[in-house]
Amino acid sequence: MSLCCCSAGSRRLLLPGLFLGQHHQLRRSLVHFRAASTAAAASSSTASLSPAQQRQVSLYVDALLDWNQRMNLTAVTDEAEVMTRHVADSLAVLSPLERAYTSRGGDVAGISLIDVGSGAGLPGLILAVARPSWKFTLLESMRKRCTFLEHAVEVMELSNVDVVCDRAENVGQSDDFREAFDVAAARAVAELKVLAEYCLPLVRVGGLFVAAKGHDPHEEIRSAKAAVRTLGASMLDLCNVESVGPHGQRTAVVYLKERTTPKKYPRHPGNPELPL
């Protein structure tokens, strides 16, 4: 009837089982707590969006998870985690971007932005939902991913997005795209000094290059300083971005394009990996 009435042998069997049951119960409680916290964070990340915009985001998430079963778009397979690690992370770039742009006297009403190495459409597709008056170009070199991006644009009914399937090194030398954008954005697709060579040739003089990075990009920033200067820019701002995802605080590194990029940049595919 009670633990004390059991034999010594029975107690040896019962006690571990009792503690194991408590352990499982505690783990279930923690899982439920994390799930509730993630759901709350996911909800708050899109709170500033209209119901129609939230539906567009939902359509994107559904398409991403569906296509991700057939091709490698993201390591994240849970809807709530997509909302925190991808959607919220993308939206977090908006505030430092707009603050930096207006600090130079720019009008944010009709910004043209190119998302370099867009991959699954992050941050470009999410920003396109949040800022329908902006014009977005998603630059991605892999044909399969471009097919997904084109599908997502159609499903989300976005009229302010174009998809370009090519390498940044080629597009940066094209008269149609070179120094044609107000902003180039990239979300951790390469080391900063390599990203600078991919992105800065696409930005007009007076425009911005915004790189979303981890919580401590200082070594990357130091390593990229000479390359950024050669490409005609300087660092304007380094902003802490409070992410609700599992990786915590992230940073947005903002560069101002001050001079025309020398014609030799970007170099042919593969060469930006070499020291600039």
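Does Glu-157 count as buried or exposed, and at what relative accessibility? In this predicted model, Glu-157 counts as exposed because its relative accessibility is 66%, and the cut-off for exposed is over 50%. Glu-157 sits in the loop between α6 (143-155) and β3. Its phi is positive, about 55°, although the residue is not a glycine. Glu-179 likewise has a positive phi, near 50°, without being a glycine. This residue belongs to the loop between α7 (168-171) and β4 (181-187), and it counts as partly exposed because its relative accessibility is 21%. Most residues other than glycine have a negative phi, and most peptide bonds are trans.

Two peptide bonds are cis. One runs from Leu-122 to Pro-123, with omega near 10°; Pro-123 is placed in the loop between β1 and α5 (124-130). Another joins Tyr-265 and Pro-266, with omega about 0°, and Pro-266 lies in the segment after β7.

The strands named above belong to an open, mixed sheet of seven, ordered β3-β2-β1-β4-β5-β7-β6. At its edges are β3 (161-165) and β6 (233-241), each of which pairs on one side only. Ignoring direction, neighbouring strands are turned by 20° against each other on average. Within the sheet, β1 (residues 112-116) and β2 (residues 135-140) pair in the parallel sense over five bridges; Ile-114 has Thr-137 in β2 as its bridge partner.

Helix α9 (residues 218-230) lies across β5 (203-213), β6 and β7 (250-257), and runs at about 155° to β6.

Helix α3 spans residues 79-91, and its buried residues include Val-82, Met-83, His-86 and Leu-91. At the start of α3, a side-chain oxygen of Asp-78 comes within 3.2 Å of the backbone nitrogen of Ala-80.

Methods:
Residues are numbered from 1 along each chain as its sequence is written. This is a predicted model: local features need pLDDT of at least 70, side-chain atom pairs count only at pLDDT 80 or more; totals for chains, interfaces and linings use all residues. Side-chain values use heavy atoms; hydrogens and water are left out. Buried means under 20% relative accessible area, exposed over 50%, partly exposed in between (1.4 Å probe, protein chains only). Helices (H or I, at least four residues) and strands (E, at least two) are DSSP runs, numbered from the N terminus. A polar contact is a pair of N or O atoms within 3.5 Å; within protein, one must be able to donate a hydrogen and the other to accept it, and residues adjacent in sequence count only if both atoms are side-chain atoms. Two strands pair if DSSP finds at least two bridges between them. Axes are lines fitted to C-alpha atoms, for helices over the stretch in contact, and angles run from 0 to 180 degrees between N-to-C directions. Contact means heavy atoms within 4.5 Å.
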